[in-house]
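Here are my notes on this one, point by point. Have the model open while you read.

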Amino acid sequence: MTEPDLVRLEVGAPAHGGHCVARHDGRVVFVRHALPGEVVEARLTEHAADASFWRADAVAVLEASPDRVESPWPQAGAGGAGGGELGHVALPAQRAWKLAVLREAFERFAHQEFPGAVHAAPGDDDRGGLAYRTRVSAVADAEGRAAMHGFRAPDLHVLSAMPLAVPEVEEALLGRRFPAGARVTVVAPSDSELRVLIDGQPSRGGKVDSRPNAPRAVREVVHVGDRSWHYRLDASAFWQVHREAPAVLVREVLDRIGEAGRVMDLYAGAGLFTLALADGGCEVLSVEADARGAGAARRNVHDHPTVTVVEGDVRRTLEEGAGPADAVVLDPPRSGAGRRTVEALTAVDAQRLVYVACDPVALARDTALLSERGYALVEAEAFDLFPMTHHVETVATFQRR
Ligand SMILES: C[S@@+](CC[C@H](N)C(=O)[O-])C[C@H]1O[C@@H](n2cnc3c(N)ncnc32)[C@H](O)[C@@H]1O
């Protein structure tokens, strides 16, 4: 990059996506690795002449925010590995950042105030927001070392540390060599041994274990108060990544569902909520598109005859007439539910919806769609289940008007 790629920016509010908004010659610049109120020198990383906005990375801080700290994962700084873009922000200010993004998204897309706060996961303040990920994926470089891609960039950064991971995951990632170019996933389940997957396959001694009986399953246990639930799933299937996330989310879902008799658990994964709901006496229809998730959910609830697990698409399942239900839990992927699924959901005629969302803008858009369809947002609280990154999990309750 040449000198003209460096610009001086006065940094404004945080925006969805892990950056703050600044202006250069009247054009919007999304600047990463900066904080609101700072003055920074930034390197333009995307700056096409005809683009409606540019992107930049702060590379020198001219006037620092009091919320700036030394990143515990410097490798994820400007020009480095993606996935630790808030490392330079003090933990309470990370939560304030996420709350600002939620408030802005709700104002803009849902035309109402975000009513809640952003809460820390248990233990995160003591651990400095580190050592929380029980699942990490990386790519092996040409020499077989675990590496990660840069943000919106193909270049690989060989990991010298992975402080967001629980220690056993970090050790497994950094202490081994893998086949060059392989996708490596390390999983530290709460109730069984660590597993290392290579290109989604079980491995032994750093190589794919092609034996037909190679172990693939992991066991998880979730405790809420004096209750516990046991799960078994394929190591490559979806499971919440923060060590405390399953318990935090199950507790929220159970508290919000109340006394509902017939419940739908949509986008159910391996049945995290399905099992806890069924155990509490609910009749549950659980819908999950991924065969590994649906298969695991079916096995995890095998002794609960009041549960039906459907392997299929949520919208199609609803359109085919899956209702009625007293309450619906929905935990869609990042893109949210969207208009057609919200329309199909309305036919279920549930009194209450509990929406678990990993994307503030998708939740705010769906809040507007649900409002059009007669569902009022009555409560929402967010949980910082992804410290050091801009991601945040929100649990929102909607009530039929
Ligand atoms: C955020 S995960 C939540 C899983 C589960 N609630 C949990 O917390 O473990 C979303 C799940 O939705 C599934 N999914 C994505 N799109 C889907 C669709 N259109 N229909 C059904 N399931 C879908 C994914 O496979 C994934 O398991």
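1. A word on terms before anything else: two residues are in contact if their C-beta atoms, placed from the backbone, lie within 7 Å. With that in hand, look at His149: leaving aside neighbours within four places in sequence, His149 is in contact with Gly82, Val139, Pro154 and Leu156. Gly83 is 66 residues away from His149 in sequence, yet the two C-alpha atoms are 9.1 Å apart.

2. Some housekeeping. This is a predicted model, where local features need pLDDT of at least 70 and side-chain atom pairs count only at pLDDT 80 or more, while totals for chains, interfaces and linings use all residues. Residues are numbered from 1 along each chain as its sequence is written.

3. The domains: domain 1 is 3–68, domain 2 is 95–125 + 243–400, and domain 3 is 135–220 (bounds from an automatic or database domain assignment). Between the centres of domain 2 and domain 3, taken over C-alpha atoms, there are 29 Å.

4. Back to His149, which sits in strand β9 (residues 146–149). Helices (H or I, at least four residues) and strands (E, at least two) are DSSP runs, numbered from the N terminus. His149 counts as partly exposed because it has 15 C-beta neighbours inside 10 Å. The cut-offs: 20 or more other C-beta atoms within 10 Å of a residue's own make it buried, 12 or fewer exposed, and anything in between partly exposed, with C-beta atoms placed from the backbone.

5. β9 belongs to an open sheet of 7 strands with antiparallel pairing, in the order β10-β9-β8-β11-β12-β13-β14. The edges are β10 (156–158) and β14 (207–208); each has a single partner strand, so one side of each has no neighbour in the sheet. Two strands pair if DSSP finds at least two bridges between them; β11 (residues 183–187) and β12 (residues 195–198) have 4, running antiparallel. Thr185 stands opposite Leu197 in β12.

6. What surrounds the ligand? The shell holds 17 residues, the closest being Tyr267, Gly269, Ala289, Asp290 and Asp331 (near means a C-beta atom, placed from the backbone, within 6 Å). α4 (272–279) and β18 (283–288) each supply at least two residues of this shell. By type, the shell has 10 nonpolar, 3 polar and 4 charged residues; Ala, Val, Leu, Ile, Met, Phe, Trp, Tyr, Cys and Pro count as nonpolar, Asp, Glu, Lys and Arg as charged, and the others, Gly among them, as polar.

7. The unreviewed UniProt entry annotates Gln240, Tyr267, Glu288 and Asp331 as "binding site". Positions follow the numbering used here, feature names are shortened, and annotations may be inferred rather than shown by experiment. Glu288, in strand β18, is buried because 29 other C-beta atoms lie within 10 Å. Asp331, in the loop between β20 (327–330) and α7 (339–346), is buried too, with 23. Not counting residues up to four places away in sequence, Asp331 touches Tyr267 and Val356.

8. Finally, the "active site" annotation in the unreviewed UniProt entry covers Cys358. Cys358 is in the loop between β21 (352–357) and α8 (360–372). Is Cys358 buried or partly exposed? Partly exposed, because 18 other C-beta atoms lie within 10 Å.
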